[in-house]
Amino acid sequence: MLERPTAGVRPLALTALRHPTVSRLLADHRVLLADLLDGLGSPLHIVLPEIFEENVAALRRAFAEAGATADLLFAKKANKADCYATSAAALGVGIDVASTPELVKALAGGVPGHRIGVSGPEKDDTLHALAVQHGCLVAVDSVSELRRLAATARGARRRAAVLLRTRTAGQPRSRFGLSAAERATAVGLCGELRDHIGLLGFSFHLNGYSTAERATAADEMIEHCLDARRRGSLSAEVVDIGGGLPVRYVEPRLWDAFLEQNGPAHYHAGKDFKDFYPYGGQPAAQAVREIMAHPVDGGESLSAKAGRHGIRFLAEPGRALLDQAGFTLYRVQQVDDRRDADGYAIVTVAGSSFSLSEQWFNSDYLPDPLLLSAQPAADEPFPACVAGSTCLESDLVTWRKIGFPRPVRRGDHLVYLNTAGYQMDSNESPFHDAALPLKAVLRLGDGGAPPRWRLDGAR
């Protein structure tokens, strides 16, 4: 018998966490999921708005328990599904948008303009005009944009509500936001243009998930509000802390073990990734509590300082509100068993890596996919990576070698859990004239009734 080659390293386990609703769907309604995949095509995104709604309640509770006054704006860019905007409207949650189509969808979903924040650098005149007409809160990124927005508001005989997006001391070279000198100029302009511009406060953009850095940046914005008040902008009372709230995809102990052992041998073709999302990080609600409790000014908490000065927060969570609120199904199209030659197999699915968007960041989506198969479990894992069905050498849905519990067969289904946050459609493409994947909205029925489903966007 041939020995397995040295390339056949033992796959590292990264078992994905599952919300109880997801567990029920996978345990009790596999036939429904299989029928949806067969009928609607592979890949298929399953979106679960009731979990989104739970996440809204959890983050609201975290801010309240921290003693902070805060409103949530769901970051629309994190997922294009209409159902989340509809849920946001029903719960009184706002939406953060960065394009005219996103703003139109937010309004169509029932979110009123005064609960919509408009971000993004150097927004075009069409987006400005629509935002002004509907009373949206516009995060201005430059002095030139502020002048353009004022001209738009003047022409519409309206007053635009504005945040000034400002570079932080920790990330002064960010491509987003105003420098200190530009901020001073912009605050002065807001005073000169007060008939058409209302300065409500300040926002910032940060890369990364450091709660201490986000709290420090928020404290800077509080000081900017106080300075603007001294200069006559008495309505400067809002600090937008942005998004960047982490999500826990796997247990921290598994994540730590993975980081210790991970290397190129665990990936197809020895791929060497340099950076990953922190899949074993802290939950979003815990991050909120840490940010709000962060000591500033010699020991006072951030939330206490904000309360003392009448400052309210905005937060723009995307991934955090979508945590566990969706998953993605692929149908297995072919299995190339290379275990004797290479130590692992290549599973080809119907679809492509464009529908699992972590590779946009030159990274891999690491939580283990689930294998839905009628075959019994095997005595040893079946190591395999997962490839898309395009003609691109780089089209790997999962570069990492997964230790499947049984051999993967043509016709089996793979489930990628917790994909609603950025994975589903940030990088989707109709390459090869393929149709874009559909989204099926599922809600569990009451009293043991079967789940109800519909296509997202259907009325």
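Helix α3 (residues 49-65) and helix α11 (residues 284-293) have axes that come within 9 Å and cross at roughly 25 degrees. Here an axis is a line fitted to C-alpha atoms, for helices over the stretch in contact, and angles run from 0 to 180 degrees between N-to-C directions. Helices (H or I, at least four residues) and strands (E, at least two) are DSSP runs, numbered from the N terminus.

Before going on, please note that this is a predicted model, in which local features need pLDDT of at least 70, side-chain atom pairs count only at pLDDT 80 or more, and totals for chains, interfaces and linings use all residues. Residues are numbered from 1 along each chain as its sequence is written, and side-chain values use heavy atoms, with hydrogens and water left out.

Back to the helices. α3 and α11 are therefore roughly parallel to each other; angles under 35 degrees count as roughly parallel, over 145 as roughly antiparallel, 65 to 115 as roughly perpendicular and the rest as oblique. On the α3 side, Ala58, Leu59, Ala62, Phe63 and Glu65 meet Ala284, Ala285, Val288, Arg289 and Met292 of α11, where contact means heavy atoms within 4.5 Å. By class, this contact of α3 with α11 has eight nonpolar, no polar and two charged residues. Ala, Val, Leu, Ile, Met, Phe, Trp, Tyr, Cys and Pro count as nonpolar, Asp, Glu, Lys and Arg as charged, and the others, Gly among them, as polar.

Helix α9 (residues 211-230) also meets α11: their axes come within 8 Å and cross at roughly 45 degrees. The two helices, α9 and α11, are therefore oblique to each other. Thr211, Arg214 and Ala215 in α9 touch Ala287, Glu290 and Ile291 in α11. That contact of α9 with α11 has three nonpolar, one polar and two charged residues by class.

Now for the strands around β12 (residues 326-336). Two strands pair if DSSP finds at least two bridges between them.

| Partner of β12 | Sense | Bridges |
|---|---|---|
| β1 (residues 44-47) | antiparallel | four bridges |
| β17 (residues 413-416) | antiparallel | four bridges |
| β13 (residues 345-349) | antiparallel | four bridges |

Isoleucine 46 has phenylalanine 327 in β12 as its bridge partner, threonine 328 is partnered by tyrosine 416 in β17, and valine 335 by valine 347 in β13.
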